[in-house]
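Hello,

Please find the structure you asked for below. My notes on it follow.

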Amino acid sequence: MHVALVNEAIPLGLYLIYRQEQLPYFGQWKMLGQGTYVAGLEPGNCTSEGRAISRARGELEYLEPGETRRYELTLGVLASQREIADFEVQAKVK
């Protein structure tokens, strides 16, 4: 899965590439406080409703003691309009 947070006016962007089967849920959030703006991209293992609801539905995954998992993530910066455009094409292909 390819996702990005981009400001084309600068131009500048941040991207994340991850495997959806490893992190099946994805959230985008923002805080629009006066004088402050924060946006986040957050892959996860439960819905935005929270772990308690996912647990009640039997959807929450657990790691047993000593069990390990490997997650493959790629983080990067899009530092030009060309890089932003190229990433957009790559995201559509995947």
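Is Ile 10 buried or exposed? Ile 10 is exposed, because its relative accessible area is 56%, where exposed is over 50%, buried is under 20% and partly exposed is in between (1.4 Å probe, protein chains only).

Before the rest, two remarks on conventions. This is a predicted model, in which local features need pLDDT of at least 70 and side-chain atom pairs count only at pLDDT 80 or more, while totals for chains, interfaces and linings use all residues. Residues are numbered from 1 along each chain as its sequence is written, and side-chain values use heavy atoms, with hydrogens and water left out.

The sheet

Three strands form an open sheet in the order 1-2-5, and their pairing is antiparallel. Strands (E, at least two residues) and helices (H or I, at least four) are DSSP runs, numbered from the N terminus; two strands pair if DSSP finds at least two bridges between them. Strand 1 (2-7) and strand 5 (73-78) are at the edges with a single partner strand each, so one side of each has no neighbour in the sheet. From one strand to the next, the twist averages 10 degrees. Angles run from 0 to 180 degrees between N-to-C directions, with axes fitted to C-alpha atoms, for helices over the stretch in contact.

Six bridges join strand 2 (residues 12-18) to strand 5 in the antiparallel sense. Gly 13 has Leu 78 of strand 5 as its bridge partner.

Gly 76 is also part of strand 5. Gly 76 counts as buried because its relative accessibility is 16%. Leaving aside residues up to four places away in sequence, Gly 76 touches Gly 13, Leu 14 and Tyr 15, contact being heavy atoms within 4.5 Å. Between Gly 76 and Ala 4 there are 9.3 Å from C-alpha to C-alpha, at 72 residues apart in sequence.

The helix

Helix 2 (residues 81-93) lies across strand 1, strand 2 and strand 5, at about 155 degrees to strand 1. Glu 88 belongs to helix 2 and is partly exposed, with a relative accessible area of 41%. Glu 88 and Glu 49 are 29 Å apart, C-alpha to C-alpha, and 39 residues apart in sequence.

The surface

Ile 10 sits in the loop between strand 1 and strand 2. Together with Leu 5, Leu 12, Leu 14 and Val 77, Ile 10 makes a nonpolar surface patch of about 440 Å². Accessible areas come from the Shrake-Rupley method with a 1.4 Å probe, and for residues only the protein chains shown count as cover.

Regards

Methods. Patch = residues over 30% accessible without salt bridge, like charges linked within 9 Å, V, L, I, M, F, W, Y side chains within 5 Å. Salt bridge = Lys/Arg side-chain N within 4 Å of Asp/Glu carboxyl O.
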